[in-house]
Amino acid sequence: MKKIKIIYLLIAGCLSFSCSDYLDVVPEGTSRLENAFTLRSEAERYLFTCYSYMPKDGNPSSDPTITGGDEMWTLTNPPHPTISLDGLKMAQGLQSATVPLFDKWNGLYQALRDCNIFLENVSKVPDIEEEERIRWIAEVKTLKAYYHFCLMRMYGPIPIIRENLPVDAGADEVKVVREPIDSCVFYMVQLLNEAIPDLPSSITNKTEQLGRICRPIAASLKAKILVTAASPLFNGNTDQATLLNRDKAQLFNQTYMPEKWDSAVIACKKAIDLCHEAGAVFYKYPGTSQYNLTDTMLLQLTLRNAICDRWNDELIWGNSQSIQGSLQNVTVPKLEIQYRDYAQLKSVLGIPIKIVEQFYTHNGVPINEDKTWGGDRYALQVADGDDKLYIKQGATTVKLHFDREPRFYAWIGFDEGIWYGQGKLDDKKPNDLYVAQCKNGQLNGIVDRDFGPVTGYYPKKYVHYESTYATSAFNTRDYPFPIMRLSDLYLLYAEALNEAADNETNRNDALTYVNMVRDRAGLPSVEDAWDNFSSNPTKYKSQLGLRQIIQQERLIELSFEGHRFWDIRRWKTAMEAYNTPIRGWDLKQSQPEFFYKPIVLQKQNFGIKDYFWPIRESNITTNRNLVQNIGW
């Protein structure tokens, strides 16, 4: 690293619907550090600069979790790309140490330097109440922990930036080294332990401060960090035995430590309690005075709006630096002929068949375990009146689309599937609702290399049902991309309980929280579902079986929100997951019997080295104390 100098950033493109002041940052052209801390108003702008570095979650061009894994696929060779193709390159195995895709090393270390500058100087601000100063310090300490966590997830062991180096630091001082994983985790937890007592229990000024860090956010971040640290990728990972510093110091502890799960259990429960005290509850769609909707559609809207209803009570932490409008534009299909030529609607994101297949049947068990659902999942079947709110009546589609769980219909758009919303809201007239049609020659069928549907499936989860087509544009109802929802925290707690001790008490406690998530999703409890419908009815009674159930519940409940990308890495199941090819339907076909033939779009190649990003070669050349990750 070079000697520290202050770099003031004016973040371009920040969007907000109610918190414009919150997104102000230190103005460009401020030349002297002391100017930023002479007044409360200027210091507050520097505080918001610290926030402005938050990764743009949910942005396909900057977030690797959207198209850089196996949960979403995109157009492979569009002449006019709507989003960056870096995610596709990463998913195809084209990562590079020379110019790493989605490299966030320099950006996040700049964030940490600015956080340290704030912490070193906020005591100088004269016109600020001490209570507010203490709160600001706690917010920035939480951001420091979060930025270190983002780096650790990507790169593994990292240099810790406890404080900035002085401007007269010598050459040896600036050449920092990577610290062991356990040291990284200890420092992040220490920051959060210092911050949590000084944060507000909730955000009371919802007009100006939504997205600001409060106590439940910091506690939930601590819980996630400790669950991650206890997981196989970071806990006794012998695959990383050869990753050593120049002095031969081991960067990954080679002995599995089960007690790490005990710490995670305590942190998760504390975070849940704080969330409940702050009023966090599962979202429930309240209905509308205009239409008396069926219970089926009310549940669908509950599930969709848990993500899309801005700042709802289920959202623990929403990313105020990533307000989602453009994501909807590249997701929603063109559902009416007059909007066929809208340039901004490209349907460039598609869900692979294997992700569609991971959702449960309507009985709440995996499709390969359901005793009553069996048969050829790709066999053709005609929809009748019983399916009218899910599938167009009289349409021919595949068995895979019938008798699936409510989250499947709420979050996935598919050929001949009902697409509620976008201006058509009366579910008592199902024949008037929109239908996604993906075959060649149909409204959403493939046209050229610049238009989807890519796989034949759409991530409906991203699209607010009140976003509407207008004369010349698609008007989106924007929302902050979720970093942490209540269901995420519940499932982290269930996972930690199950891993902490192989006994019936812990399993029962874990099932309690899994079942709360399932109940909101309209599913029976794990016990009822497996006892009555599974070909493996005792699965939930063992630690291994319950682990598989909890992991699949996470993959479904948190689908398309970026969690699968990190979860299958920390579980060390990514090689198995990526070895299942990316498949979609044959989009060149117009007849059902030919369209519904799975074709391979990509065979991925994921190895040990791909669990972590390479450190850019130029950074290692500049600082010879840094060692490169294995395989790069």
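The questions and answers below concern a predicted model.

Reader: Is Arg135 buried or exposed?

Author: Arg135 lies in helix 5, which spans residues 130-155. Its relative accessibility is 16%. The cut-off for buried is under 20%, so Arg135 counts as buried.

Reader: Which residues does Arg135 touch, not counting residues up to four places away in sequence?

Author: Arg135 belongs to helix 5. With residues up to four places away in sequence not counted, the residues that Arg135 touches are Asp198, Leu199, Pro200, Ile203, Gln209 and Arg212.

Reader: How does His362 count in terms of accessibility?

Author: His362 is in the loop between helix 12 (353-357) and strand 4 (380-382). Its relative accessibility is 40%. Buried requires under 20% and exposed requires over 50%, so His362 counts as partly exposed.

Reader: How many residues of strand 2 are buried?

Author: Strand 2 covers residues 315-324 and is largely enclosed by the rest of the structure. This is because the buried residues number 10 of the 10.

Reader: What is the bridge partner of Gln324 in strand 12?

Author: Strand 2 pairs with strand 12 (residues 479-485) in the antiparallel sense, over six bridges. In strand 12, the bridge partner of Gln324 is Tyr479.

Conventions. Residues numbered from 1 in each chain as written. Predicted model: local features only at pLDDT ≥ 70, side-chain atom pairs only at ≥ 80, totals over all residues. Heavy atoms only, no water. Helix = DSSP H or I, 4+ residues; strand = E, 2+ residues; numbered from the N terminus. Buried < 20%, exposed > 50% of the residue type's maximum accessible area, 1.4 Å probe, protein only. Pairing = 2+ DSSP bridges. Contact = heavy atoms within 4.5 Å.
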